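Biologist: Before we discuss the sites and the folds, please put the model on the screen.

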Amino acid sequence: MQIYLDYSATTPCRPEAIAAMQEVLTQGWGNPSSLHEWGSRSAYRVEQARWEVAQLINAPTESIVFTSGGTESNNLALQGVARTFTAPQHLIISAVEHSAITKTAAMLERQGWQVTQLPVDGAGRIDPKTLEAALQSNTALVSIIYGQSEVGTLQPIEALGHLAQQAGALFHTDAVQAVGRVPIDVGRLPIDLLSMSAHKLYGPQGVGALYVKPGLALRPLMGGGGQEQGLRSGTQPVAMIAGFGAAAVCALAEIDHEPPRLVKLRDRLLDQLQSCPTLKLTGDPHHRLPHHASFCLQLSNISSNAPPISGRTLVKQMNLAGIGISAGSACNSGKIQPSPTLTAMGYTPHLAQAGIRITVGQQTTEADIDWTVTALQQAIALLTDAQ
Amino acid sequence: MANNTANNTHSQLIYLDGHATTPLDARVLNAMLPYLTEQFGNSSSQSHRYGWEAAAAVKQARQVLSNAIGASSDDPSEIIFTSGATEANNLALKGIAEAYFQKGRHLITLQTEHSAVLEPCRYLERLGFEVTYLPVQPDGLLDIHLLAEAIRPETVLVSVMAANSEIGVLQPLGEIGALCRERGVLFHTDAAQAIGKIPLDVQAMSIDLMSLTAHKLYGPKGVGALYVRRRPRVQLAAQLHGGGQEQGLRSGTLATHQIVGFARAVELADSPEEQEGLAHQRQLRDRLWSALAPLGGIHLNGHPTQRLPGSLNVSVEGVDGAALLLSLRSQVAVSSGSACGSGKTAPSHVLLALGRDRALAAASLRFCVGRFNTEAEIDQVIDQISVTIRALRLGDFKPREIKPKQD
Ligand SMILES: Cc1ncc(COP(=O)(O)O)c(C=O)c1O
Ligand SMILES: Cc1ncc(COP(=O)(O)O)c(C=O)c1O
């Protein structure tokens with residue numbers, strides 16, 4: 001039996017999205033910029049999907065810019081705002097951002113920008129007061145992750161956005177993990193820019209979007225044909241965009257009942273593991289992405305000089321049992337390193353290597369959860385014995 | 001030839017605009033589908049089967065591309081997957097300019113390049129770099145002596161496209177590569193239109209960087225690659241930052257299904273069957289030209305033979321360009337220039353660079369005979385175009401609205 005419990009890393013494309021893509025790929029493959037019939041049909045399809053994606057976050061259609069994914073959306077938000085200034089300014093991010101934000105911020109820092117990383121508490125939450133204290137007259141942009149990918153913590157986005165905007169800064173949020181899992185209304189929330197990625201909401205990999213509040217000045221990262229109102233050149237991948245749109249429609253239709261179902265499954269897991277002394281919940285128990293469980297592996301009764309068991313070791317053991325979970329977020333580093341997120345939350349270097357993440361989704365059943373709990377207990381027992 | 005149902009949807013409309021994009025080959029779609037369904041993993045997920053399967057598919061695709069362009073077979077990490085040729089061009093030009101900033105701030109390119117090269121060049125100019133835009137000869141070819149004269153000690157990069165997207169003209173990549181190598185300058189080529197249609201060999205042609213895209217080759221839109229030479233190693237500054245995928249040169253979750261489709265498209269294009277198909281496309285292209293030329297006042301744009309097999313670009317005397325396109329609109333999907341985002345109808349910068357006057361440049365048709373076109377279709381197009389041109393010249397066809405509809 002195979003059980004996939006890594007829905008934060010990626011999600012399988014849903015049938016509705018595949019159907020939309022297949023239709024475009026076989027029948028509507030024109031270049032949306034072409035002036036002939038094939039082109040205008042494709043252009044129309046792109047605009048339909050733009051509307052569908054916009055609806056999901058209650059945004060005006062024209063505020064959606066299609067990109068190649070969450071990473072590009074984050075880069076476009078940060079670099080695109082930075083390029084509207086002639087001289088370096090001040091940027092505020094949090095200590096628990098995705099690498100697409102931290103690495104881009106580091107690049108801006110090398111260009112002379114001042115970058116402040118807001119600290120988080122032990123649950124990974126930002127206290128709005130720390131933002132208030134960090135804002136300066138030259139703060140151009142505040143970028144805060146909506147729902148954290150590794151520990152699932154939801155940030156007080158509304159409070160943070162208000163503070164940023166009151167201080168005259170723009171507010172961006174990386175909502176890649178949150179869109180489709182928690183209701184988001186940019187018409188109501190103080191958000192200027194918001195990143196999305198289709199493959200986290202049952203759409204295809206390789207397409208995403210940036211919400212850009214109407215009227216906001218932004219510079220493109222890539223020059224060329226001038227597609228996407230000049231903000232993103234390159235032939236639009238019509239099929240993937242249509243797949244993204246279809247996934248967005250479904251996510252919106254399900255937003256009232258699917259997340260609560262996920263919460264139930266997730267809580268079933270947490271409840272059963274509550275008595276497990278070696279797995280301690282990481283992140284915020286209340287302000288949390290609905291599908292997200294994460295733990296720190298704490299083997300209590302081992303001699304202090306035994307090598308600590310890393311999250312990755314447990315994850316590999318689980319894979320042998322046919323269960324796909326992860327140790328933190330899927331990124332490209334081959335080495336086992338302390339997680340910057342857990343470190344920022346106050347975990348020691350050893351414990352910051354001991355994180356695991358179990359994220360549920362569409363196909364997950366109660367039986368999957370129960371079997372996973374059993375497998376986890378067995379794996380931990382095995383690893384403890386091996387010590 | 002693959003069975004393709006695409007053209008049935010607009011049965012009356014014959015598609016001859018393969019420079020803008022091509023239909024997806026059904027065999028490519030079949031290769032992609034499993035990676036949307038069962039094998040959906042994130043290729044960066046290193047801890048489970050789902051991730052490993054995706055990573056293995058990406059690895060194999062990298063190898064296919066690497067082989068197709070003669071890159072070193074033992075180091076497929078020279079292939080950096082991107083979202084298309086626009087991104088690959090931007091990465092190449094800005095990435096080189098940034099990485100070799102200390103060495104020099106001068107780049108050389110052609111006036112006839114695609115906007116995805118010209119726009120990054122203009123961006124670099126705004127940052128203080130100097131760019132030389134070399135003219136081309138009336139047949140569209142670069143005079144290599146001009147390039148030799150333009151290279152200076154502070155030149156870091158020469159970017160010359162392999163095949164032009166409007167007239168199909170093939171630049172002498174081998175000669176350019178040899179010159180650049182001799183003068184110690186890096187050589188980038190935008191091969192978006194060329195891959196799978198002409199032999200490309202990064203070793204023999206001394207190419208240091210090469211941009212590719214899948215959707216001109218019966219593959220999916222939204223995936224491409226940049227070849228970056230490892231030996232001797234070309235430095236490149238990343239333009240998208242994040243998870244560090246693609247050796248840190250291009251962050252972002254890899255779109256496995258897209259990459260698999262891209263590789264399949266390249267594999268198919270290189271198959272003996274499709275290589276033979278190219279000869280057929282060339283024949284049909286020549287048939288089209290032989291039938292149009294006798295109408296008189298028809299000018300071939302670009303070199304008569306040094307062109308992509310399916311490409312034909314003509315300027316038509318004595319007709320209004322917009323009226324010509326508009327009157328063909330319901331019969332043949334062609335364009336007058338490159339498809340780009342602004343839907344602009346200004347005369348093509350490529351044709352102007354060949355020395356065409358504005359009226360002739362505006363009254364041009366760009367054809368690309370592709371994999372799925374038949375002889376019967378070409379004959380039908382010949383009839384329709386001949387009738388239309390004659391009618392327009394006689395003033396018989398007076399469309400009420402002169403501008404083509406902007407979509
Ligand atoms: C919070 C967050 N931001 C950004 C990304 C990057 O998105 P993409 O994989 O589409 O580039 C991810 C996922 O990897 C993520 O979880
Ligand atoms: C020569 C050339 N370069 C670059 C591009 C851009 O490629 P893409 O659409 O994959 O971004 C095109 C096609 O649009 C092209 O013809």
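This is a predicted model: local features need pLDDT of at least 70, side-chain atom pairs count only at pLDDT 80 or more; totals for chains, interfaces and linings use all residues.

Biologist: Why is the site of ligand 1 said to be shared between chains?

Modeller: Among the residues that come nearest to ligand 1 are Gly69(A), Gly70(A), Thr71(A) and Ser197(A), and Thr253(B) is listed with them. The site is shared because the residues that surround ligand 1 come from chains A and B.

Biologist: Which helix gives the largest share of the shell around ligand 1?

Modeller: The shell around ligand 1 divides into 3 nonpolar, 13 polar and 1 charged residues. Its largest share is 3 residues, and these come from helix H3 (residues 70-82) of chain A.

Biologist: Between which chains does ligand 2 lie?

Modeller: There are 16 residues around ligand 2, and those that come nearest include Thr235(A) as well as Gly84(B), Ala85(B), Thr86(B) and Ser165(B). By class, the shell has 4 nonpolar, 11 polar and 1 charged residues. Helix H3 (residues 85-99) of chain B gives the most to this shell, with 3 residues. Ligand 2 lies between chains A and B.

Biologist: How many residues does the contact between the chains take from each of them?

Modeller: On the side of chain A that touches chain B, the elements giving two or more residues include helix H1 (15-27), helix H2 (37-56) and helix H7 (238-254) of chain A. By class, this side of chain A has 24 nonpolar, 34 polar and 6 charged residues. The contact takes 64 residues from chain A and 65 residues from chain B.

Biologist: What distance separates the centres of domain 1 and domain 2 of chain B?

Modeller: The domain assignment of chain B gives domain 1 as 6-24 + 274-394 and domain 2 as 27-269. Their contact takes 27 residues from domain 1 of chain B and 32 residues from domain 2 of chain B. Taken over C-alpha atoms, the centres are separated by 27 Å.

Biologist: Which elements of chain B each supply at least two residues of the side of domain 1 that touches domain 2?

Modeller: By class, that side of domain 1 of chain B has 9 nonpolar, 14 polar and 4 charged residues. The elements that each supply at least two residues of it are helix H8 (272-292), strand E10 (311-316) and helix H10 (349-353) of chain B.

Biologist: What is the handedness of the crossover from E3(B) to E4(B)?

Modeller: Strand E3 (residues 106-110) and strand E4 (residues 130-134) of chain B pair in the parallel sense over 5 bridges. Leu110(B) stands opposite Leu134(B) in E4(B). The chain crosses between the strands through helix H4 (residues 115-126) of chain B, and this β-α-β crossover is right-handed.

Biologist: Which are the edge strands of the open sheet in chain A?

Modeller: The sheet has 3 strands in the order E9-E10-E12 (chain A), with antiparallel pairing. An edge strand pairs on one side only, as do strand E9 (279-281) and strand E12 (355-359) of chain A.

Biologist: What angle does the direction of helix H8 of chain A make with that of E10(A)?

Modeller: E9(A) pairs with strand E10 (residues 292-297) of chain A over 3 bridges in the antiparallel sense, and Cys296(A) in E10(A) is the bridge partner of Lys280(A). Helix H8 (residues 258-273) of chain A packs on the sheet and touches E9, E10 and E12 of chain A. Its direction makes an angle with that of E10(A) of about 25°.

Technical notes:
Residues are numbered from 1 along each chain as its sequence is written. Chains are lettered from A and ligands numbered from 1 in the order in which they are written. A residue is near a molecule or strand if its C-beta atom, placed from the backbone, lies within 6 Å of it. Helices (H or I, at least four residues) and strands (E, at least two) are DSSP runs, numbered from the N terminus. Ala, Val, Leu, Ile, Met, Phe, Trp, Tyr, Cys and Pro count as nonpolar, Asp, Glu, Lys and Arg as charged, and the others, Gly among them, as polar. Domain bounds come from an automatic or database domain assignment. Two residues are in contact if their C-beta atoms, placed from the backbone, lie within 7 Å. Two strands pair if DSSP finds at least two bridges between them. A crossover is right-handed if, with the strands pointing away from the viewer, the path from the first strand over the helix to the second runs clockwise. Axes are lines fitted to C-alpha atoms, for helices over the stretch in contact, and angles run from 0 to 180 degrees between N-to-C directions.
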